[in-house]
Amino acid sequence: MAQHVMPGEIGEHMQVVGSDGQPVGTVDRLDGNRIKLTRDGNGQHHYLPRDAVASVASGKVMLSMTAAEAKTQWQG
């Protein structure tokens with residue numbers, strides 16, 4: 001289960017990585033209980049639930065799932 005991460009710990013332009021260390025995206029901003037990622041190569045924003053965050057350290061947001069799992073669950 002993910003640790004409780006305070007909203008203020010997640011900042012703009014932080015790298016988001018899966019539990020496998022693979023990149024998922026970059027934080028654009030928080031949008032309620034979701035993390036809005038910057039636009040991808042197709043110009044699309046994606047969202048991840050904030051409760052998918054396991055920890056925040058060294059300027060990175062670490063998810064409680066792999067990058068591949070996150071990409072199947074994100075919302076466009």
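# Notebook: strands, turns and one buried isoleucine

I started at a strand pairing: Asp31 stands opposite Arg34 in β3. I count two strands as paired if DSSP finds at least two bridges between them. Strands themselves are DSSP runs (E, at least two residues), helices likewise (H or I, at least four), numbered from the N terminus.

Housekeeping before going on. This is a predicted model, where local features need pLDDT of at least 70 and side-chain atom pairs count only at pLDDT 80 or more, while totals for chains, interfaces and linings use all residues. Residues are numbered from 1 along each chain as its sequence is written, and side-chain values use heavy atoms, with hydrogens and water left out.

**Entry 1: the whole chain**

I looked up the elements and found six strands and one helix in the protein chain. From the N terminus, their order is β-β-β-β-β-β-α. The radius of gyration of the protein chain is 11 Å, close to the 11 Å from the globule rule for 76 residues, so the chain is as compact as a globular protein of that length. That radius is taken over C-alpha atoms, and the rule is 2.2 Å times the number of residues to the power 0.38. The C-alpha trace spans about 30 × 25 × 20 Å along its principal axes.

Next I checked burial: 32% of the 76 residues are buried. Buried means under 20% relative accessible area, exposed means over 50%, and partly exposed is in between (1.4 Å probe, protein chains only).

I also looked at contacts (heavy atoms within 4.5 Å). Of those between residues at least 6 apart in sequence, 46% join residues at least 24 apart.

**Entry 2**

Strand β1 (residues 15–17) and strand β2 (residues 23–31) run antiparallel, joined by three bridges. I noted Thr26 in β2 as the bridge partner of Gln15. The two strands make a hairpin with five residues between them, and Gly21 in the turn has a positive phi of about 85°.

β2 goes on to pair with β3, again in the antiparallel sense, over four bridges. Their hairpin has two residues between the strands, and Gly32 takes a positive phi near 65° there.

**Entry 3: Ile35**

I picked Ile35, which lies in strand β3 (residues 34–37). Is Ile35 buried or exposed? Ile35 is buried, with a relative accessible area of 1%. Leaving aside neighbours within four places in sequence, its contacts include Ile10, Val27, Leu30, Tyr47, Leu48, Val53 and Val61. I also looked up Pro49: its C-alpha atom is 6.2 Å from that of Ile35, with the two residues 14 apart along the chain.

**Entry 4: β5 and β6**

Strand β5 (residues 53–57) pairs with strand β6 (residues 60–63) in the antiparallel sense over four bridges. Here Ala57 stands opposite Lys60 in β6. The pair forms a hairpin with two residues between the strands.

**Entry 5: positive phi without glycine**

Which residue sits in the loop between β5 and β6? Ser58 does, and Ser58 has a positive phi of about 55° although it is not a glycine. Ser58 counts as exposed, at 77% relative accessibility.

I then turned to His13, in the segment before β1. His13 has phi near 70°, a positive value in a residue other than glycine. At 63% relative accessibility, His13 counts as exposed.
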